Amino acid sequence: MLEARYSGDRMPAPMLKTLWRGRRTSNTALDQSGVWRYREMIPFLDKYDSVVTLREGNTPLLPAPKAAQYGGLDYLTFKHQGFNPTGSFKDNGMTCGASQAVRLGMKRVACVSTGNTSASMAAYSSAGGLQPIIFIPHGNISYGKLAQALEYGAMTLQVEANFDQILALVRNLADKLGIYLLNSVNPFRIEGQKTIIVEMMDYRDWNPPDWIVLPGGNLGNTSAFGKALRELREWGLIDRMPRLAVIQAEGSAPFYDLMHTADRSKLRAVEHPQTLATAIKIGDPVSWPKALYEVEQSRGVVEMVSEQEIADAKAVIGLCGIGCEPASAATLAGIRKLTAAGVIAHDADVVAVLTGNVLKDPDYIYRYHTGELEAPGGLRIKPTFGNKPVVVPNDAAKIAALLEN
Ligand code: F0G
C-alpha cells in the first residue's frame, strides 16, 4: 500500500487558517470545493487544470440533542457527509482520485464497491471524461446506489461474489488491462478524505473534539482521518489529538477482532461477512494496517454493534430530522455502547461522522418502520421507533376522527 508524503516548505498555521477562511467567499470552482479549498494539505498536483470537482465537501456540523440523549451524551454533533453531491463521503476522495486519473492521461477507471464508491466514481469519471467501470456484489447493494451508477453512465458488472473476492480479482485485472483503480487502496483518494477532518476543524474554529466516531468497513476512511489528525497536529493547526472510535457491524467485524487479540500482526478475515448495513459488509479490509496504526496513534478504540442496535440508532437519527443510511448509524449505536461502558464520558465533546445520505437505502427504512426488516439469519428486527404509514379512506370525517384520537 502507498501513502502520500510531501516535502517542501509549508505555510505557517495562522496564515493557512486565514487563507482557507477567505476562500469561502470566493466564486472559483477550486475554492468552492470543500476539498480543494484546503489544497495546501493535499499538494499532489503540480497544476490544477486536471481537477474534476462537483463542489464536494462543505458538509455541515449538525447538533442532535435527541441522538445525544440516546447515546448517553450531554451533547453530540454529526458531521453529515451525506450532503455531498452523490450523497456520501466518497466524493471527498473521488474528486482527488479522478483528478489524478485525468492528470495521468488514463481513459478507463474501475472500482469494486459496496455501492457508494461506485456511485461517486461513476459521477466523477463521467464529469471528467473518463469511462467508469464498476464491479459490485450481485444482489448485495442498495438500489439507490446501483441506480446512481447506471444514471451516471458506468459500465456496471454485477459479480457473483462478495466484496472481498471481487476486490482481489479486480486488483489483478486492472493492472493487466491498464485500467486505473479507484478503490480506497488509491492513496490520492485517502488524501481527499483527509479534508473531512480539516473542514471539521475549520468549522470548529480549530478546536478539536475529544472523540471522532466513524463506521469501519474497508478502513480507508479510518486511515484518512488518522493521517489528517497527525498532519494537522504536525502543522500546528490543532494542539491536541482527538481519539478515534471505529464502529463495525457484528457480522462483519474483523477489525474489532484484531483490536481485541494480543497479536495484532495479522488480521483474520471474516469469510462470509453479514450485515444489513451493506456499505460495511466487508470481511477482509485492505487498509487494516494503516487503520491499526492510526487507531493506536490516536489512542482510539474499536467497537461492534448488532443489527438491532444499528436499526434503532438509525431511527433516532431520523427523529432528529437528520437521517442517514444504515452504516452511518453504527456510529450512534457505538456511542451508546461506549458511554455505557464508561469509555466515552457523558460530557465528552463528540463528533460522529454520518457517511451516507438517508435516501441511499429506502427499502431498509420502509421495512424497519413496518416491522418487516429481517437481519441475516432470519431474525426479525423489532421496530422500536417504528412509524407505520396508515391507509385511510377518502373521507374527511373519518380522517378528522383519526387525527383527533
Ligand atoms: N459508510 C458508508 C456509507 C460506506 O459506503 C462505507 C464504505 C463505509 C462507511 C466504510 O468506510 O470502507 O473507508 O471503512 N463503502 C465502500 C464502498 C466500501 O464501496 O462504497 P471504509
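Helices, at least four residues long, and strands, at least two, are DSSP runs numbered from the N terminus. With that numbering, Asn58 lies in the loop between α2 and β1. The structure shown here is a predicted model. Its chain holds 15 helices and 10 strands. The radius of gyration is 21 Å, close to the 22 Å that the globule rule gives for 405 residues, so the chain is as compact as a globular protein of that length.

**The chain as a whole**

- Taken along the principal axes, the C-alpha atoms fill a box of roughly 70 × 50 × 50 Å.
- Of the 405 residues in the chain, 57% are buried.
- The accessible surface comes to about 17000 Å², and carbon and sulfur atoms account for 52% of that surface.
- Among contacts between residues at least 6 apart in sequence, 70% join residues at least 24 apart.
- The chain carries 42 positive and 41 negative side chains. The centres of these two sets lie 3 Å apart.

- Arg55 is found in the loop between α2, residues 29-32, and β1, residues 61-63.
- The phi angle of Arg55 is near 65 degrees, which is a positive value in a residue other than glycine.
- Arg55 has a relative accessible area of 38%. Buried means under 20% and exposed means over 50%, so a residue in between is partly exposed. Arg55 is therefore partly exposed.
- Asn58 also has a positive phi, near 55 degrees, and is likewise a residue other than glycine.
- The relative accessibility of Asn58 is 30%, so Asn58 counts as partly exposed.

**Aromatic pairs**

- A search of the whole structure finds six aromatic pairs.
- One of them joins Trp36 and Phe44.
- Phe44, at 9% relative accessibility, counts as buried.
- Phe44 also pairs with Phe188. Here the distance is 4.8 Å centre to centre, with 50 degrees between the planes, and this pair is tilted.
- The pair of Phe44 and Phe188 links distant parts of the chain. Phe44 sits in the loop between α2 and β1, while Phe188 belongs to helix α8, residues 187-203, and the two are 144 residues apart.
- Phe188 has 18% relative accessibility, so Phe188 counts as buried.
- Trp36, Phe44, Tyr48 and Phe188 together form one aromatic cluster.

**Gln81**

- Gln81 is placed in the loop between β2, residues 76-80, and α4, residues 90-103.
- With a relative accessible area of 0%, Gln81 is buried.
- Leaving aside neighbours within four places in sequence, Gln81 is in contact with several residues, including Thr59, Phe89, Asn92, Ile196 and Val353. Gly87, Ser88, Leu354 and Thr355 are also among the contacts of Gln81.
- Gln81 and Cys96 are 15 residues apart along the chain, and their C-alpha atoms are separated by 16 Å.

**Ala253**

- Ala253 lies in the loop between β8, residues 243-249, and α10, residues 254-259.
- Ala253 is buried, at a relative accessible area of 2%.
- Apart from neighbours within four places in sequence, Ala253 is in contact with Gln248, Val270 and Met304.
- The C-alpha atoms of Ala253 and Ala174 are separated by 28 Å, and these residues are 79 apart along the chain.

**Arg24**

- The loop between α1, residues 13-23, and α2 holds Arg24.
- Arg24 is partly exposed, with a relative accessible area of 36%.
- Leaving aside neighbours within four places in sequence, Arg24 is in contact with Arg37, Asp202 and Tyr203.
- From Arg24 to Tyr143 the distance is 35 Å, C-alpha to C-alpha, and the two residues are 119 apart in sequence.

Note on methods. Residues numbered from 1 in each chain as written. Predicted model: local features only at pLDDT ≥ 70, side-chain atom pairs only at ≥ 80, totals over all residues. Heavy atoms only, no water. Rg over C-alpha atoms; globule rule 2.2 N^0.38 Å. Buried < 20%, exposed > 50% of the residue type's maximum accessible area, 1.4 Å probe, protein only. Contact = heavy atoms within 4.5 Å. Areas by Shrake-Rupley, 256 points an atom, 1.4 Å probe, with all protein chains shown as cover. Lys, Arg positive; Asp, Glu negative; His and termini not counted. Charge placed at Lys NZ, Arg CZ, Asp CG, Glu CD. Phe/Tyr/Trp six-rings, centres within 6.5 Å; stacked < 30°, edge-to-face > 60°.
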